[in-house]
Amino acid sequence: VAEDHGTDIHRFDITDPDGATYEMSGHVDGTLLNQFAMDEHGGNLRVATTTGTPWEEGAGESESHVVVLGPGDGALEQVGGVSGLGRGESIHSVRFLGDVGYVVTFEQTDPLYTIDLSDPTAPQVTGELAILGYSAYLHPVGDDRLIGIGQDATDEGNRLGTQLAVFDVSDPAAPTRIGQTTLTNASSAAES
């Protein structure tokens, strides 16, 4: 049985340049990918995590989540969340932009999930785009475009080289890839 991992989150007030003041803590199930997996917006903290172990056969199915934490009675408490992203996969990139979150999971294909966070108590997946490969880094370009840098892959998930993709996210219910190129047998520092 896979060991369940969780992440403790601590909030500090850093407005005083001479020192930080502890305010409160919270906990989320799962692990975070990197600094882009956390984002503060409107007084709430949005966190993207993966639970389970997708790399360990027989260890239980992994899935990813976006959880919204808010200041509660002396602690960061969950006010909303959405789960079930990329079952059997793990998060490869995350980007929060205002009321929208983008999460990429990967095992063989790259689902790019669009998440509506306008109501922090009821986040919901509004769109999904499945393509081969994955984006390990997402960067906004204007209001309606994302650049994805990652790896192109075969139907079986074998990596082919660096993939650069441009996504049109103007319709959150139907994100589309409008441009893509692959640099065979290459990698990019942007992936890590």
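Are Phe-106 and Tyr-134 buried or exposed? Both are buried (under 20% relative accessible area; exposed is over 50%, partly exposed in between, with a 1.4 Å probe and protein chains only). This is a predicted model, where local features need pLDDT of at least 70 and side-chain atom pairs pLDDT 80 or more, while totals for chains, interfaces and linings use all residues. Residues are numbered from 1 along each chain as its sequence is written, and side-chain values use heavy atoms, leaving out hydrogens and water.

**View 1. A nonpolar surface patch with Phe-12, Ile-14 and Tyr-22.** Tyr-22 sits in strand β2 (residues 21-29) (strands are DSSP E runs of at least two residues).

**View 2. Phe-36 meets Tyr-137 edge-to-face.** The structure has 3 aromatic pairs (ring centres within 6.5 Å; planes under 30 degrees apart are stacked, over 60 edge-to-face, the rest tilted). In this one, the centres are 5.8 Å apart and the planes at 65 degrees. Phe-36, in the loop between β2 and β3 (38-41), and Tyr-137, in strand β11 (residues 134-141), are 101 residues apart. Phe-36 is partly exposed at 25%, and Tyr-137 is partly exposed at 22%.

**View 3. Phe-106 and Tyr-134, a tilted pair.** Here it's 4.6 Å centre to centre, with 50 degrees between the planes. Phe-106 belongs to strand β8 (residues 100-106) and Tyr-134 to strand β11, so the pair ties together parts 28 residues apart in sequence.

Methods
Patches are made of residues with over 30% relative accessible area and no salt bridge: like charges are joined within 9 Å, nonpolar side chains (Val, Leu, Ile, Met, Phe, Trp, Tyr) within 5 Å. Accessible areas come from the Shrake-Rupley method with a 1.4 Å probe; for residues, only the protein chains shown count as cover. A salt bridge is a side-chain nitrogen of Lys or Arg within 4 Å of a carboxyl oxygen of Asp or Glu. Helices (H or I, at least four residues) and strands (E, at least two) are DSSP runs, numbered from the N terminus. Rings of Phe, Tyr and Trp (its six-membered ring) pair if their centres lie within 6.5 Å; planes under 30 degrees apart count as stacked, over 60 as edge-to-face and the rest as tilted.
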